[in-house]
Amino acid sequence: MHNMPLIYGMNFLEKSMLSIIPETVIIIFAFMVLFLAFFEKLAKRKNSYYLSLIGIGFSILYVLMLSDRNIYGFYGSVVFNGFEVFLFIAILFSGMFTVLMSKDYMENSGMPAPEYYSLILFGLSAMMFLVSSNNLIMVFLSIEFMSICAYILTGYIKGDTRSTEAALKYFILGAFASAFLLFGAVFIYAATGHLNLYAIHSFLENISYAGSNKAVGGIGIKIYISAGLVMFLVGLAFKMSLFPFHSWTPDAYDGAPTPITNFMATGIKLAAFAIFLRIYSLIYNFNIMNFNDILWLLAVFSMTFGNIAALLSSNIKRLLAYSSIAQAGYILIGIIGGGFYGYSGTLFYLLAYIFMTAGAFAVVVIFENSDIISLDIKRYAGIGYKYPFIAAAMSFFLLSFAGIPLTSGFMGKFYVFSSAVKSGYNWLVLIALLNSAFAAFYYIKIIVKMYMPDKEPASPPLNSSGDNLGIISGAIDDGLMLTIIICLILTLLMGVFPQIFINFANNSADLLWRI
Amino acid sequence: MEALFYVFSFIAIFSALMVVTMRNPLTSALYLVLCFFALAGFYVILDMQFLAAMQILVYAGAIMVLVVLVIMLLNISRIKNIGSDLHQKIIGGLISLILFAEVVLYIINGAQKKPTGIFTRALIKKIGNTQIIGEFLFTEYMLPFEIASILLFVAIIGAYLFAKKKY
């Protein structure tokens, strides 16, 4: 077996509880928020909003307190080490942005708040469980847990047919993907006889050392484990929204409440990539089949399809959805590139991706809330003059998506692509570079539109108050502003002084490496 | 034991065929219950009494009640043109072929030495099925068990939210 570092002087239960404390805090707060719904006086929107922010804050505090530990809890089915610290903080940030964005949105739409915020918190805990899980059962259960929260939140706008339709589509396709995932896990278990990822790793290591595969089970094991890994990949690729499994993405992103779209685009994608990274480094890496070729195809198709579809779409939420498919393709390049630099590059890109996406969605939420501008890109014409700060922030996030220097997107792309070149994937990087040049076109198109004078003479403000200049300055919620400012600062910092973040990513990738 | 195996196999295959070919959906559903009972019989033969009980409780009990309820709610009395759709025939045939190939593959590989766990059949017989499962649920798989319970709780919230007519 592998060497599990034992922490002496601590009994089993203490150690196990310590390994899941950040998740537990979030779950406790989720229940507290839910209990607010019992009391009519307390069930106001503000209370659950602040309570969930406090919960997320406490969880971040616990993650920082435990940041130098290396704990295996619950018979090795949960791990907590530097890899988790990095991802937990990223996930909690994504949850925090989602909560911050939701306040005004909830007030405008009149949806019941306690259930909404508690579902976000439950979803956050599920993502954290997923990232730290080290056991096939845990992986499956936490993916299901996370998805169920996402299905409910997608269909949260009652009476809106688009939202309901999106939830139904997402649910049916998601259930299908989960079936694939479970079947894959069963095949892997049947071939190796282990559920623990480290145990599967050492089992495969024994086989590959034995050479001719005759030692245990012969050719049968190879077939089963390949089938299992392919099906497992299908299930995870659905959550990562890679090309052939992306079809739910535009509809679900478009139909969901916009803060939840942010939650799906950042949190779920991050958690799925993180668990894929862990499983890839432990199991796929043995090259039982040429998995890198499959991933190569997935990455190329995701990038190309995502960019072409984004170019053709006129709705800002759909555009961001397609661009997130393309971004998933770029992130996958880091995993294909592999090795220490590939993994740390992937983590760095994921962190950068969270901040730029959350920022862009916060801007969309601002315009959606103020009712002046709909989701159609055409309506964005001229807002650069009316709302200079917000438009400038949006432009910066879009430039970061496109990968212009001085932004985090550039550093992330640079890091990921250089690791792929190091591993000899020159063609892949060439295609990716062409793609990002192509993608810059539609990102810059939006920026140009924002700074173009509003040609249409009579575009009346959608709300009746007439003066469309004054509305936004008074109505912008502090939470939204805070989100934009945090995202702006971090996107800039990661682009200009990336070294701190690279070190952070290196540390966590290092722990992934050391089994 | 072997005679029992053949009896259960016959019932399982016969009832599965009936599920597909019957015109009345309710009859199909009831044949499906019979099929589940036959499968539970297999589990008993394999000394998996707990699994057999669960199979009957969960599948034949809970899930089939749901299916029958849906059939009655939708009031489908009879399916008119069964099997006339070429599309369905091709897809169904393809999936059956794949599953059949899987079974053949499994039988071919069945003779090979496979990795086995520590719980051999004799040991299971000695300790008892339910005890082993219970012990595992409360030691090694305690956390997944707890997560499953919270997952179900969240699913209940979701069902409540979607079923509510108005906020």
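Predicted model: local features only at pLDDT ≥ 70, side-chain atom pairs only at ≥ 80, totals over all residues.
1. Which pattern does chain B follow, read along the sequence? The pattern is α-α-α-α-α-α-α. Chain B has 7 helices and 0 strands. Chain A has 21 helices and 2 strands.

2. Residues are numbered from 1 along each chain as its sequence is written, and chains are lettered from A and ligands numbered from 1 in the order in which they are written.

3. On confidence: the model scores ipTM 0.86 and pTM 0.88. The mean pLDDT of chain B (pLDDT is the predictor's confidence in each residue, from 0 to 100) is 84. In that chain, 88% of residues reach 70 or more. Among its elements, helix α5 (residues 121-127) of chain B has the lowest mean, 78. Helix α7 (residues 142-163) of chain B has the highest, 91.

4. Now burial. A residue is buried if 20 or more other C-beta atoms lie within 10 Å of its own, exposed if 12 or fewer, and partly exposed in between, with C-beta atoms placed from the backbone. Chain B has 167 residues, and 10% of them count as buried. In chain A, buried residues make up 57% of 515.

5. Contacts come next. Two residues are in contact if their C-beta atoms, placed from the backbone, lie within 7 Å. Take contacts in chain A with a separation of 6 or more: residues 24 or more positions apart account for 81% of them. For chain B, among contacts between residues at least 6 apart in sequence, 52% join residues at least 24 apart.

6. Look at α7(B). This helix has 22 residues and reaches 32 Å from its first C-alpha to its last. That is close to the 32 Å expected at 1.5 Å a residue; the expected span is 1.5 Å times one less than the number of residues. Its buried residues include B:Leu143, B:Pro144, B:Ile147, B:Leu151, B:Val154 and B:Gly158. Seen down the axis of α7(B), the buried residues fall within an arc of 85 degrees, so they line one face of the helix. The arc is that of the directions from the helix axis to the C-beta atoms.

7. What covers the buried residues of α7(B)? The cover includes β2 (78-80), α5 (113-132) and α6 (136-154) of chain A. On the other side of α7(B), B:Ser149, B:Leu152, B:Ile156, B:Ala159, B:Tyr160 and B:Ala163 are exposed.

8. Helix α1 (residues 2-21) of chain B has 20 residues, which should span 28 Å at 1.5 Å a residue. Its end C-alpha atoms are 29 Å apart, which agrees. The number of buried residues in α1(B) is 1, so this helix lies largely in the open.

9. Chain A has helix pairs worth a look. Helix α4 (residues 82-109) of chain A and helix α11 (residues 258-282) of chain A pack at an angle of about 170 degrees, with their axes 8 Å apart. That makes α4(A) roughly antiparallel to α11(A). Axes are lines fitted to C-alpha atoms, for helices over the stretch in contact, and angles run from 0 to 180 degrees between N-to-C directions. Angles under 35 degrees count as roughly parallel, over 145 as roughly antiparallel, 65 to 115 as roughly perpendicular and the rest as oblique. Among the residues that meet are A:Leu87, A:Ala90 and A:Phe97 in α4(A), and A:Asn262, A:Phe263 and A:Leu270 in α11(A).

10. A second pair is α16(A) and helix α18 (residues 426-450) of chain A. Their packing angle is about 170 degrees, and their axes are 8 Å apart. The two helices are therefore roughly antiparallel to each other.

11. Check two phi values. Most residues other than glycine have a negative phi. A:Leu406 lies in the loop between α16 (388-402) and α17 (408-422) of chain A. B:Asp47 lies in the loop between α2 (25-45) and α3 (49-74) of chain B.

Key: Helix = DSSP H or I, 4+ residues; strand = E, 2+ residues; numbered from the N terminus.
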